[in-house]
Amino acid sequence: MGRRGRATVVVLGDFGRSPRMQYHALSLSSQAGMDVDVIAFAGAQPHRAVLEDPKISLYLMSVPSFQRLPRLFYLLALPFKILLQLLHLLWLLLVKVPSSDVVLVQNPPSVPVLAVVKWTCVIRKSSFVIDWHNFGYTLFGLRLNPSHILVKLYFWFEKRYGKMADGHLCVTKAMQHELAENWGIRATVVYDRSPEFFQPATLEEKHELFLRLDGLFRQPLGEWDCCSVRPEEDENVRLASRQYVAGRSDSTNVASSSWTLFTCRKSAVEDPRKEIQEGDQYFYLKERPALIVSSTSWTPDEDFEILLEAAVMYDRRVAASLGEHIDSASGDRRPMKNSRCVFPRLLIVVTGKGPLRQEYEERISRLRLHHVAFRTMWLAAEDYPRLLGSADLGVSLHTSSSGLDLPMKVVDMFGCGLPVTAVSYSCIDELVKDHQNGLLFSSASELADQFMDLFQGFPDNCERLKHLRDGALASGSCARWDDEWEKQVLPLISRY
């Protein structure tokens, strides 16, 4: 039929929470020069670059989720969910969306999308390419028993229709090997790389972000904690939090505020009433907390329990170093006189949405920690890279249902020059080089040890943390998404 100069990207998931597929869409538009149609579920807002690209069109589906149902009801509802998705996909691919040269599909999920896309590609004479992020049957096995007959049926379906694709991309060498040896599929490894908008933040950019998020930072999940505000400030904090969540907060709204938990504007020390002026100087507060960021989908393949236990251990060890004792009247901890702490408070910000978020928020609210505070939030797409570029340490709890994929969040952290501590599993060393750009841990105790080791003497005397930051900067700057895509994906797309 000749080349149409058009590509279709299919994501049977929340496109706003699928950064790799957003980057594919942008690269198909800018580097391959194609018009791009995206078929995906509605949900979180994609990055502004996607929304503003005139060559990218979004076709968003709304399908009910059955994830929170009990297992029996989930199994009963599953056929209806698959049928709804099948019919909606068929209508979009055969009627609504123009014919394309190539259809790029994210896997997982596999059912029913691989079969639907395969046969619509046959009808419309398009090429069928799968981007293997993981294996769908292993994720399905987290919901059911891995030996369940439905999981085995899923595996058969995924393998059968996976082999029917014209081209294959995957995220690690370990997955490439698995596909070649056990599935008979030859795939090209396309490592996740952060795009150009993931960069280290300047101190002024950090200060502006901290001002916007100040209300969220100071609002505890439970009672008062080491990073929350005094009671008389609560109403202002709640207002600022509501404004940010509603998308109405920007730097101009808070221009007269010069102090954050972490930074201050120099001219504010001289005259707190002054507005921000060009040329103002910014500096860190010496007694600021260390900022730790962990991004999670709040799903069973990320063991958030490890981070909670490590936080409790850190809190107790810092209390022991101060010789704290419990006040019999108030129940509060009291440090020994003249005790000086060489370990900072930790503010652990956990970003993301998912089914287990509310459960863990309730658990966090019951913790009585004096040196660690947790915050959970969902950030605007433009603020997430800025937060990574402003943090002191990243934590990855990703373990992978298959053991063959890598956490995109770590790639983004490296792009912002943020060192990472990550759960150790089979192929994580393809990304995190232990003691070079990050650290690996296997237990909560190890993670707590790493917190103590990295943050002793914070903020001025943390040589190990500085060494890891240098390594993260080197890892993030050595290759970007555009370079990887042009080298590995563009030749494949150009053949179709």
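# Close-up views of a predicted model

**Figure 1. The second largest cavity and the residues around it.** Val171, Tyr191, Asp192, Leu406, Val411 and Leu431 line the second largest cavity. The model shown here and in the other views is predicted. This cavity has a volume of about 40 Å³. Sorted by class, its lining has five nonpolar residues, no polar ones and one charged residue. Rolling a probe the size of a water molecule over the atoms shows where empty space is left. Over the whole structure, the search finds two cavities of 30 Å³ or more.

**Figure 2. The largest cavity and its lining.** The volume of the largest cavity is about 80 Å³. Its lining consists of Thr8, Leu93, Val97, Pro98, Ser99, Ser100, Val103, Thr120, Cys121, Arg124 and Ser126. By class, these residues divide into five nonpolar, five polar and one charged. Which helix gives the largest share of the lining? Helix α4 (residues 113-124) does, with three residues. One of the lining residues, Cys121, has a relative accessibility of 4% and therefore counts as buried.

**Figure 3. The open sheet of seven strands.** The strands follow the order β3-β2-β1-β4-β5-β6-β7, and their pairing is parallel. Strands β3 (56-61) and β7 (188-189) stand at the edges with a single partner strand each, so one side of each has no neighbour in the sheet. Strands of a sheet pair through backbone hydrogen bonds, either parallel or antiparallel.

**Figure 4. Strand β4 and its two pairings.** How many bridges join strand β1 to strand β4? Strand β1 (residues 6-14) and strand β4 (residues 102-107) are joined by four bridges, in the parallel sense. Thr8 has Val103 of β4 as its bridge partner.

**Figure 5. Strand β5, covered on both faces.** Strand β5 spans residues 127-132, and six of its six residues are buried. In a regular strand the side chains alternate between the two faces of the sheet. On one side of β5 are Ser127, Val129 and Asp131, on the other Phe128, Ile130 and Trp132, and all of them are buried.

**Figure 6. Phe210 and Phe262, a tilted ring pair.** A search of the whole structure finds 23 aromatic pairs. In this one, the ring centres of Phe210 and Phe262 are 4.5 Å apart and the planes stand at 35°, so the pair is tilted. The pair links distant parts of the chain, as its members are 52 residues apart. Phe210 belongs to helix α8 (residues 203-217), while Phe262 is in the loop between α9 (234-245) and β8 (263-265). Are these residues buried or exposed? Phe210 and Phe262 are both buried.

**Figure 7. Phe455 and Phe458, an edge-to-face ring pair.** A pair of aromatic rings is described by the distance of the centres and the angle of the planes. For Phe455 and Phe458, the centres are 5.7 Å apart and the planes are at 80°, an edge-to-face pair. Phe455 is buried, with a relative accessible area of 0%. Phe458 has a relative accessible area of 12% and is also buried.

Figure 8. Helix α13 covers residues 383-390. Seven of its eight residues are buried, so the helix is largely enclosed by the rest of the structure. The buried residues are Asp383, Tyr384, Pro385, Leu387, Leu388, Gly389 and Ser390. Tyr384 also belongs to a cluster in which ring pairs link Tyr23, Phe197, Phe198, Tyr384 and Trp481. Gly389 has a relative accessible area of 4%. Gly389 and Gly417 are 28 residues apart in sequence, and their C-alpha atoms are 6.7 Å apart in space.

**Figure 9. Cys264, a buried cysteine.** Cys264 has a relative accessibility of 0% and therefore counts as buried. A disulfide is a covalent bond between the sulfur atoms of two cysteines. How many disulfides does the structure hold? The number is zero.

Key: Residues are numbered from 1 along each chain as its sequence is written. This is a predicted model: local features need pLDDT of at least 70, side-chain atom pairs count only at pLDDT 80 or more; totals for chains, interfaces and linings use all residues. Side-chain values use heavy atoms; hydrogens and water are left out. Two strands pair if DSSP finds at least two bridges between them. A disulfide is a pair of cysteine sulfur atoms within 2.5 Å. Buried means under 20% relative accessible area, exposed over 50%, partly exposed in between (1.4 Å probe, protein chains only). On a 1 Å grid over the protein atoms alone, a cavity is a set of points where a 1.4 Å probe fits but cannot get out, and a pocket is an open set with protein on both sides within 12 Å along at least five of seven lines; lining residues have an atom within 4 Å of a point. Grid points are joined across faces, edges and corners, and a volume is the space filled by probe spheres set on the points. Ala, Val, Leu, Ile, Met, Phe, Trp, Tyr, Cys and Pro count as nonpolar, Asp, Glu, Lys and Arg as charged, and the others, Gly among them, as polar. Rings of Phe, Tyr and Trp (its six-membered ring) pair if their centres lie within 6.5 Å; planes under 30 degrees apart count as stacked, over 60 as edge-to-face and the rest as tilted.
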